Amino acid sequence: MSTTLLLVRHGQTVWHAENRYAGISDIDLTDTGRAQAEALGRWAAAHPVDAIWTSPLSRAVATAEPACRALGLTPQSEPHLRECDFGVLEGRTLAEFEAEDPEWAAAYRADPVEHSFPGAEDPRAAAARGVRALRDIAAAHPGERVLVVAHNTLLRLVLCTLLSIPVAEYRRVLPRLRNAAVSELRVNPDGSAALLSLNVPCEADVP
């Protein structure tokens, strides 16, 4: 039986509000991010799921908490859902990096996989672990609906991989996943997948 995964990027953090790369750094939600998490909790109460999985990073766990509370579920942590390690870009903006190394920044914009940031995780490896995590979650919940709270870049890499889109195109094809918005993915028993919706706000007036 197919499994429905409801993929959600965590709520806003201080660094994301400033367009800084958070990556594997453990950054707290802002007040806006906490409001987004509460909105996701209300969405989950109206659209129940059978299980909730999260990245181990605190911003993802905190985003899932209101949904867990609303449904009486205990979140399950999956380390392979953590965000990509952005190396020297952790805590910095692309503009700051570009001012120091415009050639590398230009190469990154042209192909963010072949020219990922110095010290960063290989995006192909991140995509592979993320795909494996989602397939394992789907296999553990056949025929069920599962909320998965993770991260912007990881989820975009995973979606491109599952949908046979070259991962080097992830920034162009999927410019960003909105904080706490829901994307519905159907994962079949053979591991193939279909994207049923993308970036749907859980409430119309949530930023």
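The side chain of Thr3 has a polar atom 2.8 Å from the backbone oxygen of His141. For a polar contact, two N or O atoms lie within 3.5 Å; within protein, one must be able to donate a hydrogen and the other to accept it, and residues adjacent in sequence count only if both atoms are side-chain atoms.

This is a predicted model, where local features need pLDDT of at least 70, side-chain atom pairs count only at pLDDT 80 or more, and totals for chains, interfaces and linings use all residues. Numbering starts from 1 along each chain as its sequence is written, and side-chain values use heavy atoms, without hydrogens and water.

Thr3 sits in strand β1, residues 3-9 (strands are DSSP runs of E, at least two residues, numbered from the N terminus). Leaving out residues up to four places away in sequence, Thr3 touches several residues, among them Ala138, His141, Pro142, Leu185 and Val187 (contact: heavy atoms within 4.5 Å). Arg145 is 142 residues away from Thr3 in sequence, yet their C-alpha atoms are 6.3 Å apart.

The whole structure holds zero disulfides (cysteine sulfur pairs within 2.5 Å). Cys160 is in none; its nearest cysteine sulfur, in Cys84, is 12 Å away. Cys202 has its closest cysteine sulfur in Cys68, and at 14 Å that is too far for a bond.

Relative accessibility is listed below. Buried means under 20% relative accessible area, with a 1.4 Å probe and protein chains only.

| Residue | Relative accessibility | Class |
|---|---|---|
| Thr3 | 1% | buried |
| Cys160 | 0% | buried |
| Cys202 | 12% | buried |

Conventions:
Buried means under 20% relative accessible area, exposed over 50%, partly exposed in between (1.4 Å probe, protein chains only). Helices (H or I, at least four residues) and strands (E, at least two) are DSSP runs, numbered from the N terminus.
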